[in-house]
Amino acid sequence: MFNWFRRKINKTESEEVSEPTQQTKTPETEPSSEQSDQEDYLSWAKTAYKNIQQRQTPSTSESEETETPSETTDDQVTEVEPETPQVSQSPQKEKTEETPAWMQKSDRLEALKETAMEKATVEDTTPITFDDEFVWSAKVLAAQGRAPDDVSQEEINWLKRLRQGLGKSRRGLVNQLKSIVGQGPLNEDAVMEIEALLLQADTGIEATDYIISTLQNKLLEEALPPEQALEYLKSILREILDRPLQKVVNPGFAPEKGVLNIWLLTGVNGAGKTTTIGKLAHLAQQSGYNCIIAAADTFRAAAVQQVQVWGERTNTPVIANPGKNTDPAAVVFDGISAAQAREADLLLVDTAGRLQNKKNLMAELAKIRRIIDKKADKAQVESLLVLDATLGQNGLRQAQVFSEAANLSGVVLTKLDGTAKGGVALAVAQQLDLPIRFIGVGEGIEDLRPFSSYEFVEALLNE
C-alpha cells in the first residue's frame, strides 16, 4: 500500500541540491556536464521503469490481497450507508419505465459519471509507457533524492497528470521568460514584460513585485545564462510557496495515527468542495487511514446525497441526517461519536459554503468548533479552504473572507487543469500566508494529491 501522505520528498533546499549533485559531481567540471546530466537522468529513468514493470507482473495477486481487507470494512459501511442504495438505486429502475425520455437521459448521464469514476480508480494499474513524460517525471523524482527502486507507478502517473494539467499556464511562459532573463540585468522594458507574464498567470501584484525585485538583485550581482536564470527563478517561486510552512507544526500534513484527525472543509459553492472530500477520502483509504465523512452541508440541495454517493465510491462511511435544514453541528457531533467508536484516523467534515451569508457562516463554523472542542478536545483539527483556481484573484477575495470566519490552516487548490492562471498558487502563499496542502488537476478520483512546491514549479516552468 502506497502512503501518499508520507511520500519521501525532501523539503529543504540543502537536501534538494545535495542529492542531485551526488549524481553529477564528476561531470560538473567538464564542458559537457549538461549532456552527462541528461545521460544520468535517462539511465535513472530506465532503471525505475524496469523496477515498475517487475512490480506490475504480480499486480493481479496484489489486487486480490487488497480486496480482502475491504471486505472487513463492509460491515462498518453497512451500518451507515443502507439509506443510500434505497434512494439511489431502486428509484432509478422505476424512472426508466415510467418517466419521460428527458428524465431517462439524465439517469444515463449519472451512470456515465459513475463509470468514469470507476475507470479513474483503475487508471494506475494500466501498463506504463516509457515516453518523454515518464523521463521528465523520473527526473523530477531523481532531483529530490529518490532511488530508482523506490518509485511507484502512482507517482509517475501523478506527475504526468500534473504536467499536463498545468499545460495552459506553461504554454509560452518558459520561452518568453528565458528570452527576457537571459539578457542580463533587467531594464524597464524587461521588467514590464515579466510583470505582464506573471500577472497574466494571476500571480498577484505582491508576489510579482517580490519575484522581479529578487531576480533583478541577483542579475545585478552576476550575469546568468538563460538556463541558470530560469533555475534561479524556480528557486524564488519555491521559496514563496514554502514560506507559509515555516510557521506550521505539521509541514507534511499527514494524519497522526492513534489520534482523531478532524479536517473541516469550507469553500464557496461550486469550488469543488464536496468532490474534494470524496477524493480525500479515497486518498486516505488508499494510504491506509481509516476515514469517515460527516455530511454537515445541510443547506445546499442534494449536498448530502452527493456526499453519500462519494462514500459508496470510496467505501467510506458517511454520517448524515436525512432531514432538511438540520443542524450542521449535530451532524458533526454524530460524526465525532462514530469516529471515536470506530477508532477512525480521519474525520472529513463537509461544511456549508455560502459567502453571501457571511454572519451565518461565521456563527455556524464557530458552533462547529465549539462542538469539536467539547466532544474531541484532543483531536488534531485542521480547517482547509477549497479554492477554485479558475477564479484567480476573485478566489483570493473569497479566501480572505473565509480566513476570518474559519481560522484557516491551509488551502486545497482545485481545477488547475482548466485554467491558465496557475500563478494563483503563488498569490495564495504570498498574500494569504497559507500553505497549499492539496492540488487538483482533473475530475478523476486520482487527480487530487498532496502539494509539493518542487514538483509544482517544475511542472509550471519546465519545457
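Which handedness does the crossing of α11 and α12 have? α11 passes α12 in a right-handed crossing, that is, with the near helix turned clockwise from the far one by less than a right angle. This is a predicted model, where local features need pLDDT of at least 70, side-chain atom pairs count only at pLDDT 80 or more, and totals for chains, interfaces and linings use all residues. Residues are numbered from 1 along each chain as its sequence is written, and side-chain values use heavy atoms, leaving out hydrogens and water.

Helix α11 covers residues 188–200 and α12 covers residues 205–221; they pack at an angle of about 140° with their axes 10 Å apart. Axes here are lines fitted to C-alpha atoms over the stretch in contact, and angles run from 0 to 180 degrees between N-to-C directions. On the α11 side, the contact (heavy atoms within 4.5 Å) includes Val 191, Ile 194 and Leu 198, and among its partners in α12 are Ile 205, Ile 212 and Leu 215.

Now look at α7 (residues 132–143) and α8 (residues 153–165), whose axes come within 9 Å and cross at roughly 105°. That makes α7 roughly perpendicular to α8, a label for angles of 65 to 115 degrees. Residues meeting here include Phe 134, Trp 136 and Leu 141 from α7, and Ile 156, Leu 159 and Arg 163 from α8.

Stepping back, the protein chain has 20 helices and eight strands, taken as DSSP runs (H or I, at least four residues, for helices; E, at least two, for strands). Of its 463 residues, 49% count as buried, meaning under 20% relative accessible area with a 1.4 Å probe, protein chains only.

Note on methods:
Angles under 35 degrees count as roughly parallel, over 145 as roughly antiparallel, 65 to 115 as roughly perpendicular and the rest as oblique. Buried means under 20% relative accessible area, exposed over 50%, partly exposed in between (1.4 Å probe, protein chains only).
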